[in-house]
Amino acid sequence: MATSVEKVEPSATTSPADPHSPVVAAHNAGEDGQPLMGKPWMYRPRRIGPIKIPAYASPPSQLGLIAFVCFLCPGMFNALGGLGGAGQLDATTANNANTALYATFAVVGFFAGTFANRMGIKLTLCLGGMGYVLYIASFLSYNHNGNAGFPVFAGTLLGACAGLLWCAQGAIMMSYPPEASKGRYISWFWMIFNLGAVLGSLIPLGQNIHSSAGNVNDGTYIGFIVLTFCGAVLAWALVDARHVQRADGSHVVLMKHPTWQSELTGLFETLIHDTWVVFLFPMFLASNWFYTYQFNDVNLAKFNVRTRALNGVLYWTSQIIGAYVFGYALDLSRFRRSVRAKAAWGVLFVITMAVWGGGYAWQKGYTRAETSAEGYVKMDWTTSGYVGPMFLYMFYGFYDAAWQTCVYWFMGALTNNGRKLANFAGFYKGIQSAGAAIIYRIDALEAPYMNEFASCWGLLAGSLLIALPLILIKVKDTVPLEEDIKFSDETIEEVMPTLAHENHQEEKGH
């Protein structure tokens, strides 16, 4: 019979358990008696004046580091993509590169949990980050030699790299925090990550503020290359997941001795034992589907380069606001988690109708044939009537953050097992990328804008309806530690909160 262990959630004032106390020392030893902890300095919080800095190996610090890796790598990618056509006048090359990117991402991403669990967080993230460097460099090259094959090759490679990076990121964001704080951790990540896209959008805005041309200059690409390289290197500053300790002394549930065979088998075990997760697959598919329409068929189609850059700043700023609002609302402790899940679904459905209803009114005003005609003058921020579409684009950004935050939170509510959540993150990014590859190809074939808009709205609304049974039945108020530990070779004693471990040892003594 499984031993019942009460979960201890840390309060805002709880400090990390002393890793050198007798109880914690025993708690942090594996079955062979060897310590599972890192160096002592990793667990000492610091102060800078009145500001308390969490211990280096604590979840907040590690989440901050992964957020800044994504700030510098995918954040710059998003800033460039938000310009439409990766900053080019014609989106064809970028569409082909992104089709290759997301097709590869879909395959690698689905299996990326296996790689992340086997290779570890740091190597997985660094390899992932380097793909962004080459991708952006390929467009700098294209600016000079017009070789469209290089961006397609770089996009294919980035698909593999991004699959690794986003799987590792998802596992950290969903498995490191305690249950009561998952919404806030997701929002903190999403805010820092999108701050990268905001600042990244300021680069082309500053470089092109006096330009009405269609494509960005070399300085923009060079700036992005430097920043993405810094992000890839920063990945090595993270600690191994086994060294992370929460404020209550508990650890992340992992495999202590992963092998390629165990992790590949674990991928399929996740699908077999957590079959309900397939009800979220349509939401996964929808989660990046609308980017192509928003970036290429709204921003690129209707606005000149400096206005596109401004729209990018506003779009990603709105994402920060959306992540803050939804992340904190999802953690409101006055309501049970199962109630919050149902409320989140309801709010998502309402804003899907409201925001995309406004988008329909805007889309009725232009067609692809009109914006592609020779001599078509694109809108500038000084043009009369700009304010309406500006706010629509901001609401699109807010909506994206709301969607992504809720999807991650729903997954995190199903389990606290880091190994399983790495696989969930892989499923999410793989299916998400399959959708992105499909819609980029549809856009490259120049489908009518209204058709692409309708596919976005219909997929978002339909996927919410499909996910509803999982929200109603499978999201519980808590997940027992005994349930989390089943998908691991760790013991309860190795991962439970320190106080609970001490009580558990006393019970065993009796």
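How many residues does helix α8 have, and how far does it reach from its first C-alpha to its last?

Modeller: Happy to. A word on the ground rules: this is a predicted model, in which local features need pLDDT of at least 70, side-chain atom pairs count only at pLDDT 80 or more, and totals for chains, interfaces and linings use all residues. Residues are numbered from 1 along each chain as its sequence is written, and side-chain values use heavy atoms, leaving out hydrogens and water.

Helix α8 spans residues 218–234, 17 residues in all, and reaches 25 Å from its first C-alpha to its last, close to the expected 24 Å. That expectation is 1.5 Å times one less than the number of residues. Helices here are DSSP runs (H or I, at least four residues), numbered from the N terminus, and strands are runs of E of at least two. The buried residues of α8 are Thr220, Tyr221, Phe224, Ile225, Thr228, Gly231 and Ala232; buried means under 20% relative accessible area, exposed over 50%, and partly exposed in between, with a 1.4 Å probe and protein chains only. Seen down the axis, these residues fall within an arc of 135°, so they line one face of α8. The arc is taken from the directions from the helix axis to the C-beta atoms. As background, an α-helix has 3.6 residues a turn, so residues three or four places apart point the same way.

Now to another helix, α7 (residues 182–208), which holds Phe193. Phe193 is buried at 2% relative accessible area. Beyond its neighbours within four places in sequence, Phe193 contacts Ala67, Cys70, Phe71, Pro74, Gly75, Asn78 and Trp166, a contact being heavy atoms within 4.5 Å.

What about aromatic pairs? The whole structure has 41 of them. Rings of Phe, Tyr and Trp (its six-membered ring) pair if their centres lie within 6.5 Å; planes under 30 degrees apart are stacked, over 60 edge-to-face, and the rest tilted. Trp190 and Phe193 form an edge-to-face pair, 5.2 Å centre to centre with 70° between the planes. Trp345 and Phe349 form a stacked pair, at 5.5 Å and 15°. These two are four residues apart in helix α13 (residues 337–363), about one helical turn; Trp345 is buried at 13%, whereas Phe349 is partly exposed at 25%.

Gln404 is buried at 2% and touches Trp190, Ser287, Asn288, Tyr291, Tyr428 and Gln432, not counting residues up to four places away in sequence.

Finally, the largest nonpolar core has 125 residues, and those with the most contacts inside it are Phe189, Leu280 and Trp356. Such a core is a set of buried Ala, Val, Leu, Ile, Met, Phe, Trp, Tyr and Cys residues joined through side-chain atoms within 4.5 Å. Helix α15 gives the most to this core, with 14 residues.
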